[in-house]
Amino acid sequence: MKPVLELQSVSKAYGAITVADDLSYQLGSGEALGVIGPNGAGKTSMFNLITGTVRSDRGTIYLNGQDVTRHSAAKRCRAGVARSFQIPQPFSRMTVFENTLVAATHGTQNTLAAANAHCLEVLELTGLIDRANDPAGKLTLLGRKRLELARALCARPQVLLLDEIAGGLTEKECQDLVTTINTIRQTGLSIIWIEHIVHALLSVVDRLIVIDFGRKIADGDPKETMASQAVQEIYMGVDADG
Ligand SMILES: Nc1ncnc2c1ncn2[C@@H]1O[C@H](COP(=O)(O)OP(=O)(O)OP(=O)(O)O)[C@@H](O)[C@H]1O
């Protein structure tokens, strides 16, 4: 089966800082891929490259087999890539519903009626339906994280990119969010989730990749990858030679 997303030898540097170093991988349809790596490893930069807010220096990005490397962020969004941001920045004076409507109307070719209906479905799915008419600025952190998720889903993505969506939440809030993400997974959506809260990540993903200095250093079964030497080295300072 054709991958829904593929990165082939993608590289990007800001001066001396390499944020993507010959990065290659595929994301299968319906697959949930986890991404870990130390602070500053280039994980968010990878999302910027996939969504098109940053252009790669080299390499190719395919969406459903189509080369989108030079496509604008707006075009990639309409082609099926949507993301959440690490620091939620909703339109705080607009209501929760209006925030989702912006995504549903600008991120898709929906008619207004279809966009309205879809927003309500997504607000139900993400647990925000009771807050639909509240200003987004009144939401708690969990609420703002849910709104990030809702706004991304309102763009009707085929690939959903989640950037540290569990960061800063309490354990209970984190569990609640994992339940929501697992429900979304069951719709068949392909997901890439960057997360430092590893137990949350491992309760969702099928596969895990590890990034360090912009380079993919491990890729495989989540538990095996966590136990790998590469992860031991970067997180615990265990030397490769023992
Ligand atoms: N536009 C930019 N110009 C210069 N340097 C940048 C730019 N964007 C990111 N960087 C640098 O690139 C490196 C990787 O940043 P990035 O945000 O991708 O890391 P990350 O793995 O997501 O980190 P974290 O886990 O802390 O969120 C950092 O050193 C960052 O300061």
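Strand S7 (residues 159–163) and strand S8 (residues 190–194) run parallel and are joined by 5 bridges, strands being DSSP runs of E with at least two residues, helices DSSP runs of H or I with at least four, and both being numbered from the N terminus. Within this pairing, Leu 162 has Trp 193 of S8 as its bridge partner. The model is a predicted one, in which local features need pLDDT of at least 70 and side-chain atom pairs count only at pLDDT 80 or more, while totals for chains, interfaces and linings use all residues. Residue numbers start from 1 along each chain as its sequence is written.

**The mixed sheet**

- S7 and S8 belong to an open sheet of 6 strands in the order S6-S7-S8-S3-S9-S10, with mixed pairing, where two strands pair if DSSP finds at least two bridges between them.
- Strand S6 (81–83) and strand S10 (215–220) are the edge strands of this sheet, each pairing on one side only.
- From one strand to the next, the twist averages 20°, with axes taken as lines fitted to C-alpha atoms, for helices over the stretch in contact, and angles running from 0 to 180 degrees between N-to-C directions.
- Helix H1 (residues 43–51) packs on this sheet and touches strand S3 (32–36), S6, S7, S8 and strand S9 (207–212), its direction making about 150° with that of S7.
- S9 and S10 run antiparallel and are joined by 5 bridges, and Val 210 has Ala 218 of S10 as its bridge partner.
- The hairpin of S9 and S10 has 2 residues between the strands, and in this hairpin Phe 213 takes a positive phi near 50°.

**The antiparallel sheet**

- A further open sheet is formed by 4 strands in the order S2-S1-S4-S5, and its pairing is antiparallel.
- Strand S2 (17–27) and strand S5 (66–67) stand at the edges with a single partner strand each, so one side of each has no neighbour in the sheet.
- Strand S1 (residues 5–14) and strand S4 (residues 58–63) run antiparallel with 5 bridges joining them, and Leu 7 stands opposite Ile 61 in S4.
- H1 packs on this sheet too, touching S1, S2 and S4, and the direction of H1 makes about 65° with that of S2.

**The shell around the ligand**

- Among the residues that surround the ligand are Tyr 14, Ile 17, Val 19, Lys 43, Thr 44 and Ser 45, a residue being near a molecule or strand if its C-beta atom, placed from the backbone, lies within 6 Å of it.
- S2 and H1 each supply at least two residues of this shell, and H1 gives the most, with 3 residues.
- The shell divides into 4 nonpolar, 6 polar and 1 charged residues, where Ala, Val, Leu, Ile, Met, Phe, Trp, Tyr, Cys and Pro count as nonpolar, Asp, Glu, Lys and Arg as charged, and the others, Gly among them, as polar.

**The two domains**

- The protein chain is divided into domain 1 (1–80 + 158–242) and domain 2 (89–156), with bounds that come from an automatic or database domain assignment.
- The C-alpha centres of the two domains lie 24 Å apart.
- In domain 1, 11 residues are in contact with 12 residues of domain 2, contact meaning that the C-beta atoms of two residues, placed from the backbone, lie within 7 Å.
- Helix H2 (73–79) and helix H6 (171–185) each supply at least two residues of the side of domain 1 that touches domain 2, and H6 gives the most to that side, with 5 residues.
- The residues of that side of domain 1 divide into 6 nonpolar, 3 polar and 2 charged.
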